[in-house]
Amino acid sequence: MSCHQDRVRKDVMRYVARISSEAHKTVKKKAKPGIMEYQCESTFKHYAYHVGGCRHVAYTCICASGDNGAVLHYGHAMPTLRFPFQSMKIGILKGDVDEMIDAGIAAVFQPHGLGHLLGLDVHDVGGYIKGTPKRPTEPGFRCLRTARNLQAGMALTIEPGCYFIDSVLDEALSDSNKSRYFNEEVLNRFRGFGGVRIEDDVFVTENGIENYTLVPRTVEEIEDWMSSKEDLLNGVNAV
């Protein structure tokens, strides 16, 4: 299967990514203390069909609250090198960043790949084919869905995540090669937090990328959206 998308596929992916983005924004607005996770998922699916005309969705909606957010692809179960540095800023980790990378610390917080190809399927094939680099075997890299050079016409996700999974943390803390980099007292404050993943669906162009994912990202953007009266589901300003 070709990893290069033609104009028709590109237009379809751009459209469904916009509908999904707006569905996510709608869920943000509807999410209130006391409602259930399945109600958030229902809001997402309702928007996709009611507004977008999408009878089916490409992936199972992941609407997880609290420590359920630490379950990867929770709906099915009802930048990796930057994480050590970011974690050091809040005191979770200590020591030399390069040494932590070699010890596999990044994989403790991001036990998944950085993204995958998009095409006829949400997880498209072609990541490792004849004539392209082989799959890495090192922790933190072996989950990468592809190591091939990107070319114009390809579409893929970019989805760094940071998770606090008790079983993964406990395993790392029991390993002396890893535990020496942790400030366990600070780390324990984040147990039960769950996790977060920020995903972009991008189309590779000759000069860079076109980002199909149009959602608020910064604190300011999220606060502006949450305080606005815009109601995407009903197509009117909320009263």
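Trainee: Which residues of β4 are buried on one side, and which on the other?
Mentor: Asp200, Val202 and Val204 are buried on one side, with Asp201 and Phe203 buried on the other. Both faces of β4 are covered. Keep in mind that this is a predicted model.

Trainee: How many of the residues in β4 are buried?
Mentor: 5 of its 5 residues, and the strand counts as mostly covered.

Trainee: Why do the residues split into two sets like that?
Mentor: Because side chains in a regular strand alternate between the two faces of the sheet.

Trainee: What sheet is β4 part of?
Mentor: An open sheet of 3 strands, in the order β1-β4-β5. The pairing is antiparallel. β1 (155-158) and β5 (209-211) are the edge strands, and each of them pairs on one side only. From one strand to the next, the twist averages 35 degrees.

Trainee: How many bridges hold β1 to β4?
Mentor: There are 4 bridges, in the antiparallel sense, with β4 covering residues 200-204. For a landmark, look at Thr157, which stands opposite Asp201 in β4.

Trainee: And how many join β4 to β5?
Mentor: 3 bridges, again with the strands running antiparallel. Phe203 has Glu210 in β5 as its bridge partner.

Trainee: What sits between β4 and β5?
Mentor: A turn: the two strands form a hairpin with 4 residues between them.

Trainee: Moving past β5, where is Thr213?
Mentor: In the loop between β5 and α10 (219-227).

Trainee: Is Thr213 buried or exposed?
Mentor: Buried, because its relative accessibility is 13% and the cut-off for buried is under 20%.

Trainee: What does Thr213 touch?
Mentor: Setting aside residues up to four places away in sequence, Thr213 touches Ser21, Glu199, Asp200 and Asp201. Asp200 and Asp201 are also among the buried residues of β4. Thr213 and Asp200 are 13 residues apart in sequence, yet their C-alpha atoms are 5.4 Å apart.

Trainee: Is Gln5 buried or exposed?
Mentor: Buried, because its relative accessibility is 8%.

Trainee: What polar contact does the side chain of Gln5 make?
Mentor: One with the side chain of Arg9, at 3.3 Å.

Trainee: Which residues beyond its sequence neighbours is Gln5 in contact with?
Mentor: Outside four places in sequence, Gln5 is in contact with Met13, Leu118, Gly119, Asp124, Gly153, Ala155 and Phe203. Ala155 falls in β1 (155-158), and Phe203 is one of the buried residues of β4.

Trainee: Next, Tyr47. Which helix holds it?
Mentor: Helix α2, residues 37-50. Tyr47 is buried, because its relative accessible area is 1%.

Trainee: What is Tyr47 in contact with?
Mentor: Leaving out neighbours within four places, the list is Ile19, Glu22, Ala23, Thr26, Gly52, Leu232 and Leu233. Take Ile19: it is 28 residues from Tyr47 in sequence and 8.0 Å away in space, C-alpha to C-alpha.

Trainee: And where is Leu173?
Mentor: In helix α7, residues 166-173. Beyond four places in sequence, Leu173 is in contact with Ser179, Phe182, Glu184, Leu187 and Arg191. Leu173 and Glu184 are 11 residues apart in sequence, with 8.3 Å between their C-alpha atoms.

Trainee: Let's zoom out. How many helices and strands does the chain have?
Mentor: The protein chain has 10 helices and 7 strands. Buried residues make up 38% of its 239 residues.

Trainee: What is its radius of gyration?
Mentor: 20 Å. A compact globule of 239 residues would come in near 18 Å, so the value agrees. The C-alpha atoms fill a box of roughly 55 × 50 × 30 Å along the principal axes.

Trainee: Last one. What is the accessible surface?
Mentor: About 14200 Å², and carbon and sulfur atoms account for 54% of that.

Note on methods
Residues numbered from 1 in each chain as written. Predicted model: local features only at pLDDT ≥ 70, side-chain atom pairs only at ≥ 80, totals over all residues. Heavy atoms only, no water. Buried < 20%, exposed > 50% of the residue type's maximum accessible area, 1.4 Å probe, protein only. Polar contact = N/O pair within 3.5 Å; in protein donor to acceptor, adjacent residues only side chain to side chain. Contact = heavy atoms within 4.5 Å. Pairing = 2+ DSSP bridges. Axes fitted to C-alpha atoms, helices over the stretch in contact; angles between N-to-C directions. Rg over C-alpha atoms; globule rule 2.2 N^0.38 Å. Areas by Shrake-Rupley, 256 points an atom, 1.4 Å probe, with all protein chains shown as cover.
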